[in-house]
Amino acid sequence: GAFAPLTVKNEQAAQAESAAVEGTIPLSSFAADDLTELAVTYNGETNTLTVADGSWTLAEDPAYHLDATACNTMVTALSALNAKRQLTEEPGEDYLTVTVTTAGETNTFTFGAENAATGDIYLKKAGDDALYTVAASKAACFALSRAELFGAFNPAGLTASEIEAASYTLADG
């Protein structure tokens with residue numbers, strides 16, 4: 001009878017460990033259509049992405065042509081963000097901060113260093129004292145400069161195979 005509480009506690013710990021390995025500790029969950037704004041701070045540069053009717057805009061430069069695929073990948077990464085493990089926080093280096101606004105609710109996530117043994121990334125959620133680990137792919141899609149967010153486009157409708165020659169004139173002639 002004395003072992004019953006210990007057995008239950010061990011079973012609960014095993015279940016929690018199993019859930020963590022599968023990445024089932026929920027940190028962020030929303031419908032992609034509910035997202036209104038996504039701000040990413042990386043290498044000292046903040047890019048605030050807004051979406052309306054499926055069209056992405058860079059708030060800092062509304063005329064900037066964004067890569068919709070990169071933006072949608074970010075939404076996918078956050079719309080079902082689950083941690084693998086919950087840890088006790090230790091001082092570390094933050095390198096990427098993501099703030100997402102969905103249906104009037106704002107959440108901020110700070111990604112940190114990579115765990116050399118597992119390849120996972122440390123993650124901190126604002127307002128939560130715990131430190132988590134998530135798959136590195138969840139952070140990788142946000143590690144883009146503004147230039148890397150530029151979407152390819154072809155206003156003339158030409159393909160490379162159709163171009164026979166190109167010339168240009170500099171401002172000085």
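## Exercises on a hairpin, a pocket and a salt bridge

In this predicted model, strands E3 (residues 45-52) and E4 pair in the antiparallel sense over four bridges.

**Exercise 1.** Describe the hairpin of E3 and E4, and state which residues of strand E4 lie on its covered face and which on its uncovered one.

*Solution.* Begin with the turn, where two residues stand between the strands and Asp 53 takes a positive phi near 55°. Next, follow the pairing into E4, where Trp 56 is the bridge partner of Val 51. Then recall that side chains in a regular strand alternate between the two faces of the sheet. Accordingly, strand E4 (residues 55-58) has Trp 56 and Leu 58 on the covered face, with Ser 55 and Thr 57 on the uncovered one.

**Exercise 2.** Characterise the second largest pocket by its space, its lining residues and their classes.

*Solution.* The space in this pocket is about 160 Å³. Among the residues that line the pocket are Val 51 and Trp 56, along with Gly 54, Asn 72, Val 75 and Thr 76. Helix H2 (residues 68-79) supplies the largest share of the lining, three residues. Sorted by class, the lining comprises five nonpolar, three polar and one charged residues.

**Exercise 3.** Identify the partner of Asp 120 in a salt bridge, and explain which parts of the chain the pair ties together.

*Solution.* The partner is Lys 84, with the closest N and O atoms 3.1 Å apart. Asp 120 lies in the loop between strands E8 (105-114) and E9 (121-125), and Lys 84 in the loop between strands E5 (80-83) and E6 (85-87), so the pair ties together parts that are 36 residues apart in sequence. Finally, compare accessibility: Asp 120 is buried, at a relative accessible area of 10%, whereas Lys 84 is partly exposed, at 26%.

Key:
Residues numbered from 1 in each chain as written. Predicted model: local features only at pLDDT ≥ 70, side-chain atom pairs only at ≥ 80, totals over all residues. Heavy atoms only, no water. 1 Å grid on protein atoms, 1.4 Å probe; cavity = no way out; pocket = protein on both sides within 12 Å on 5 of 7 lines; lining within 4 Å. Points joined across faces, edges and corners; volume = space filled by probe spheres on them. Nonpolar A, V, L, I, M, F, W, Y, C, P; charged D, E, K, R; others polar. Buried < 20%, exposed > 50% of the residue type's maximum accessible area, 1.4 Å probe, protein only. Pairing = 2+ DSSP bridges. Salt bridge = Lys/Arg side-chain N within 4 Å of Asp/Glu carboxyl O.
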